Amino acid sequence: MTIRLPDSGGTLRTYEPRTEPLAVTTGSAFTSRTVFSAAHVVADPYADVSPDSPAAVDWDATLAFRRHLWSHGLGVAEAMDTAQRGMGLDWAGAAELIRRSAAEAEAVGGLIACGVGTDQLTGPASLAEVRAAYEEQLALVEACGAQAILMASRALAAAADGPEDYLDVYGHLLRQSAEPVILHWLGPMFDPALEGYWGSSDLDAATEVFLQVIAAHPDKVDGIKVSLLDARREVDLRRRLPDGVRCYTGDDFNYPELIAGDEQGFSHALLGIFDPLGPLAAEAVRVLDTGDVSGFRSLLDPTVDLSRHLFQTPTRFYKTGVVFLAWLAGHQSHFTMVGGLQSARSLPHFARAYELADGLGLFPDPKLAEERMRNLLALYGVTQ
């Protein structure tokens with residue numbers, strides 16, 4: 001059986017889907033790396049909402065997907081960019097997601113860390129209001145028993161006059177955090193409103209401010225999560241971290257080499273691409289746990305083409321491909337997203353994502369994935 005898929009030039013090509021998935025196993029937590037998957041949310045397809053409405057979430061399917069990730073030994077990074085934070089999921093929805101996922105993590109013994117931001121602020125805000133918003137969210141995450149991830153803030157980027165304001169706000173938060181946090185540096189390719197974060201558009205200057213924040217409070221920083229899509233910069237930054245502070249790669253273009261590391265160290269992981277790659281990524285890290293770096297690379301390197309495709313410009317719409325693959329894989333019954341974001345990518349983009357993911361064996365039921373792909377093609381008017 002073959003399927004005809006559209007390419008970017010508007011022509012149809014023939015593809016022969018695989019018939020068997022990649023063989024992977026579930027398992028316990030890893031020993032050589034700490035690995036989080038940033039997880040997507042599943043929309044309620046029956047909710048009568050518009051793209052401007054508060055998110056209507058299918059809580060059962062959303063939590064089931066997190067149990068899927070935990071079953072493979074992965075941690076869950078909750079209420080992050082992958083969950084459409086600030087792109088369909090507002091603070092009220094994120095707060096409920098954090099409460100529910102933290103309770104589920106406690107019930108199953110799963111590793112969880114949750115995003116702390118300032119997205120309850122919907123207009124211009126002062127630095128005092130930014131601090132208060134961060135404090136409110138930090139208190140909720142800590143009350144739920146989850147580790148906090150201090151996310152980059154659009155409101156802080158707009159309110160700050162320079163590096164000193166970042167040092168002041170982050171210093172204030174770190175002094176009052178109950179447990180060590182993960183600091184998150186999200187580049188403007190993921191969110192244009194974060195241009196100039198840490199007080200400068202010069203990444204070298206911004207890096208120095210970022211390192212000042214960490215150096216002033218190393219006991220309150222578990223690690224940093226870097227999403228700049230620049231492997232060399234991440235390695236340089238990783239080598240300058242104080243002892244005991246981890247680097248969690250957020251580089252969805254170069255993650256295999258960064259996790260594998262070099263003679264001077266390695267990165268842990270907190271990645272959106274590990275949402276669709278979950279079982280395969282877990283299998284690869286288990287191989288790495290045995291010391292087999294080449295075996296790890298042989299499993300994970302072939303996934304980079306899919307990741308680079310999903311995260312292509314405009315990068316912030318990668319969530320659409322992530323949810324699309326979750327639907328094809330059978331983790332949800334529909335391809336609907338909060339905020340109507342299922343419309344953010346083209347049919348040729350979906351077709352290539354299907355082809356790459358199928359080639360990797362990511363679909364537990366390849367026949368189901370093929371049928372759903374055929375249904376989508378028919379909806380767009382592509383006959384077979």
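Visitor: Is leucine 229 buried or exposed?

Guide: The model is a predicted one. A residue counts as buried when its relative accessible area is under 20%. Leucine 229 has a relative accessible area of 18%, and is therefore buried. This leucine 229 lies in the loop between strand 8 (221-227) and helix 7 (231-239).

Visitor: What is the phi of leucine 229?

Guide: Leucine 229 is not a glycine, yet its phi is positive, at about 55°. Alanine 79, also a residue other than glycine, has a positive phi near 55°. Alanine 79 sits in the loop between strand 4 (75-78) and helix 2 (91-108). Its relative accessibility is 0%, so alanine 79 is buried.

Visitor: Which peptide bond is cis, with omega near -5°?

Guide: That bond runs from threonine 313 to proline 314. Proline 314 belongs to the loop between helix 11 (304-310) and helix 12 (318-328).

Visitor: What share of the residues in the protein is buried?

Guide: Buried residues account for 56% of the 384. Among contacts with a separation of 6 or more, 70% join residues 24 or more positions apart. The secondary structure comprises 14 helices and 10 strands.

Key
Residues numbered from 1 in each chain as written. Predicted model: local features only at pLDDT ≥ 70, side-chain atom pairs only at ≥ 80, totals over all residues. Heavy atoms only, no water. Helix = DSSP H or I, 4+ residues; strand = E, 2+ residues; numbered from the N terminus. Buried < 20%, exposed > 50% of the residue type's maximum accessible area, 1.4 Å probe, protein only. Contact = heavy atoms within 4.5 Å.
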